[in-house]
Amino acid sequence: MHFKRSIYIMALCATATSAMAQSTKSTVWPVIKTEARPWTRWWWMGNAVDKPNIGNLLKEYKHAGLGGVEVTPIYGAIGYESRYIDFLSPKWMDMLTYTHTAAAQLGMGVDMNTGTGWPFGGPQIKPADAASRLIVQTYKLAPGQTLKEAVRVNDPKQRDVAVLQAVVAYDDKGNATDLTAKVDASGNLNMPAVSVNTEIYAAFAGKTLQKVKRAAPGGDGYTLDHLSKTATDVYLARFTNAFKNSKGAHVRAFFNDSYEVFGADWSPDLFASFIKDHGYDLRLHLRELMGTDKSETVGRIKSDYRETMSNMLLHNFTQNWTNWAHSLKSITKNQSHGSPGNLLDLYGTVDIPECETFGSSKFTIPGLRRDSADVRNVDPDPIMLKFASSAGHVNSKPLVSSETFTWLTEHFKTAFSQCKPEVEQLFLAGVNHVFYHGTTYSPADVKFPGWLFYASMNMVPSNSLWSHATGLNGYIARVQSVLQAGKADNEVLMYWPIYDAWNEPKGMDIPFRVHDIDEWLHPTKFYKDANELQDKGYSIDFVSDMALSKSTGSKGGIKTSAKANYKVLVVPQCKMMPLPTLQQIIRLASEGATVIFQSLPQDVPGFADLENRRKKLRDMLSAMNFVKGGDGLQQTLIGKGKIILANDLDNAMAKIGVNGEQLINTGLKFIRRDVDGSKYYYLVNHTSKAIDTRIPLNGKYASATIMDPQSGSYGAAPVSVSGNRSNVRVQLQSGEALIVLASIQPRSASPKWKYLEKADAQTELKGPWELRFTTGGPALPSVKKLEKLTSWTALGDTTAVNFSGTGVYTTSFEVAKKATGEYVLDLGKVDESARVWVNGQEVGILWSIPFKARVGKYLKAGKNTIKIEVNNLMANRMRYMDQHKIEWRKYHEINFVNINYKPFDASNWEPMPSGLLGPVKLVHCQ
C-alpha cells in the first residue's frame, strides 16, 4: 500500500475530475437514460400555470440537464389569484396533459403528487373518512352507583364527528366486561348499579381534524384516514374520474410525501382488524392500551396494536394505492418514513422507495463551507437512508429515489460544492434516482427572483448558479447511470428487530420519523452493529420479518422472493422475535444458509397465547445444541447449513469466509453494483487528505477501468491479483469521486488511465486580470483591472457588493516550452463555480472542490490566454433587496421563512465572498 506516498503530489496534481482529462468517447459508461438524470420536485404555486410557460420552462430544465419533473401543487402567490386553477379540474388536467406531451418531446419524464401539499387529503374527504384518533373517557362508580350521564364525547370539537366504539367496565379486580351493546342511541348506559368499585372506559373513534398542509386551490380539506381501505378508495376515486375524463393525461409515477398525519393513532375498523391479526378483543384491554405504566402487559398489548396499525397501513393504503396506480398504467413513489408501520415493508410494497435528506451533514473536506448560522442542527443519517434502499434491493426494485437537499443551507446560500458530498452520501447509501427539492414554477412576467418555495434549495433559472448547473447535473447523471446498471451487490442481510421498538409501553402509535431517530434508532444495537459492519467494509441491506418469511436458503446464501442474493443473514441483539420468524430462520439454515445470531432472542412479542408461544420458543432454542468453538464463537449445524452465535460479528464473518472490502481502510467510502459478475465500485474521498494508493477489491478480475464521473473521462488501469483480491491504483483528492469497473473479462482498445506521479514545477497566474461582469443584478458593476485576486465584495464598489451573477476573468501567461507530462490548472478558492476556457477551448465547469482540471492539451508554447467565468450565490442580491425593502415574497399561508422557520430577512446578512479568489496556479506533473 502507498497510502502516504503521494499526499504532497496529490495536493498539487489533481486527477482532473472536473474537466475532460482522458478519452471521452464512451464505450464504458452506461447509456444515460431519462431516469439517470436528476429530477426535481416542481412546485405549482396556486396551480397558476399556462402552456407557454410550461413549455419554455421544461426546455430550460432540459438544457440544464434535468431528466424529469414531479408536479406538486401548493398554495399560491398573492396577487395572482385570477390565474389559479382548481386541482384536478378539466383545465388542470389539460395542463397536466400538455406537461406530459411537452416533456415527452424533450425526452423528459413527469411524476405527480397524488394530492396537493401534504399529506393526502382534500375536499372529497368528509369527516367519516378523515384521519382518526382514539378518544377514551373514563367514569368511576362506587358500589351501588349507576352511570347517570350519557356516554358522549366531551370535546366540543368532536361532538359531530366522533363515533362511540366500545364501552368496557373494569371491576376492582381488573376483570373487564363489554357493555357496548347496553348503550342506546342517546348514549345512555342501561345497566344495574355496580356492586364493587368500577371504572368504565368509553372509546370513541374521533378525528384529528388535521387538514392538508400547504394545500393548493381545489386541494383543501381533511387529511385521509390512511388505515382505512374505504377512505383510501373514496380519496382515489376523484383521481380516477379526473384521469378517465381527460384524454392524454398520464404520469410515470404517483408520489406520496413523508407520512405526516399527526395524532392519527386510530381507525374505526381497527378493533375488527385487531381480532383478525391477534385472535383476541382489544376492547377488553382498553385500560392496558391507554396505560402509562411500564408493565409487561401494557407493552405487549401496545405491540399488538402497533402491528395491526402497520398491517392496515400496508394493505389498506400502500398496496391499495399502488394497485390503483398500476390500473392507470403508472407506478408509485413513496416516502414511507414517518409511518406508524414497518418501514421496510411499506417501502418494499411501492415501485420506487424514496428517502429524504433534511439539513446538512458534516464533512472534513478542506474549504467546504458549513456556517453554523446557515444550517439546521440536523445531520442526515446514512443508516436511516438505507431503510429505503434496503427495501428496494431486497425486493429487486431498479430505482431508489430521494428528496434531496431540503434545507441544505439557508436560502440563497447553497453552492453546488456543498451539494456534492451530500448527494454522494445518498449514492453510498444506495440511492440511484435523485429528486431535487426543488424547483418552483415561475412565469416569465414575474420579476426576479420569481416565485420560490420556502424550503427548497432553489434549483431555478433565476439562481445565479443556474448556467453552471450542467456541471452538477452531469455528475449526478453519470453516477446514476452506473448505480442503475446491473443489480445491487450487498453480501449481508441484516434483520431489523422492529418488535423491540413496538414493545415500548410508553405512548400509543410509533411513527418512525426521520427527526425522531435519537429515540427509536440510535440507541439500538441494530444501529450500532450496522455502522460497525459498514466501517469494516461490509455491504448491508436490512430485512423485515415479512420479507424474510418469503426467502429461501441454499449453500450459496439467502435468496429473497424477488431473487436478490445475500451470503449471510445477521440477527443483531434483540429481545423479541415472533415464532414464525425464528422458525423461518431455522428453515433457511436447514436449506443451506449461514445465519449469525449476535445473541439469541429472549422472548416472543404480543399478548395472546403467551405461555404456549414462549414454551415453543424455548424448545426451538434449546434444540439448537450449540458447540463452542474458538474466538468466542458457538455453532450448530442444522440440515445443510449452520447457525453461529457470536457477539463479535466481524470475527464471525471472517470465520465463514465472508470478507469486508479492505479498501475501507484507506478512508475511501464505496458502494458496488454487479453486472454479470463484473463490478462497478463507486469510490468517494470524504476525508481531509488526498489518497493515492493501490486499493484491494474482493474478487479476481481480468481488467480494470477507471471512470471519472465528474468529467466522463475514463481509461484502463493496471490490475494485479493476489489471492482472492485484485489491486488497482487510484488517486483521489479530498472531495473527489471515481468509479472502478472491475471486469471478469479482459477489455481491449481502451485508452490508458494517466496517473500523475510528480509535481516538478508550478507557476502562479498573477495577472493582471480583467474582470468584466456579464449577467446578473441588481446592476452590472463596471469593468475592473485586478493586480490581485480578491472577492467582489472587497473591491470598494457598492454595486459589486450587491451583485449576484456572472463575472468573467481574463489574463494571459507564458509557457516557455511545453513539457511532456501533464499540466494541472488549480483555481484555488472559488466562490462559487467556474467555467474555464484556455486559448479559446472550453476546459469544463469546475463546480466543486478541489476546483482543478488537467489542461495540458489546451496549452501551447509561448503566450496563452485563459478565461474564467465565475458565478456567485444569490445571497448578496437578496440582501440588497431586503435592505431596500423591495417586495419579492408575498404568498398565501406560510409566505416565506428562513431555515429556522422564522420570517425571512436577509437585510442584516454580511456579504458573501464572491468570485475568483485564487491563487490560480499552473502545475506541471510528470
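Colleague: How many bridges join β28 to strand β32?
Modeller: This is a predicted model. The two strands run antiparallel, and β32 covers residues 725–732.

Colleague: Which strands stand at the edges of the three-strand open sheet, and why is one side of each left without a neighbour?
Modeller: The sheet has the order β28-β32-β31, with antiparallel pairing. Each edge strand has a single partner strand, so one side of each has no neighbour in the sheet. The edge strands are β28 (691–698) and β31 (719–722).

Colleague: By what angle are neighbouring strands of this sheet turned against each other on average?
Modeller: The sheet in question is β28-β32-β31. Direction is ignored here, and the average turn is 35°.

Colleague: In the six-strand open sheet, which strands pair on one side only?
Modeller: The order is β15-β26-β27-β33-β29-β30, and the pairing is antiparallel. The strands that pair on one side only are the edge strands, β15 (487–488) and β30 (714–717).

Colleague: Which helix packs on that sheet, and what angle does its direction make with that of β27?
Modeller: The helix is α11, residues 469–483. It touches β26 (669–675), β27 (678–684), β29 and β33 (737–743). The angle with β27 is about 145°.

Colleague: What is the bridge partner of T705 in β30?
Modeller: Strand β29 spans residues 703–707. Four bridges join β29 to β30, and the two run antiparallel. In β30, the partner of T705 is A716.

Colleague: Where around α5 do its buried residues lie, on the same side or on opposite sides?
Modeller: In α5 (residues 270–278), the buried residues are L270, F271, S273, F274 and H278. They cover an arc of only 160° around the axis, which puts them on the same side of α5.

Colleague: What is the radius of gyration of the protein chain?
Modeller: The chain holds 20 helices and 45 strands. For 926 residues the globule rule gives 29 Å, and the chain comes close to this, so it is as compact as a globular protein of that length. Its radius of gyration is 31 Å.

Colleague: What share of the residues of the protein chain count as buried?
Modeller: Buried means under 20% relative accessible area. Of the 926 residues, the buried share is 62%.

Note on methods: Residues are numbered from 1 along each chain as its sequence is written. This is a predicted model: local features need pLDDT of at least 70, side-chain atom pairs count only at pLDDT 80 or more; totals for chains, interfaces and linings use all residues. Side-chain values use heavy atoms; hydrogens and water are left out. Two strands pair if DSSP finds at least two bridges between them. Contact means heavy atoms within 4.5 Å. Axes are lines fitted to C-alpha atoms, for helices over the stretch in contact, and angles run from 0 to 180 degrees between N-to-C directions. Buried means under 20% relative accessible area, exposed over 50%, partly exposed in between (1.4 Å probe, protein chains only). The arc is that of the directions from the helix axis to the C-beta atoms. The radius of gyration is taken over C-alpha atoms; the globule rule is 2.2 Å times the number of residues to the power 0.38.
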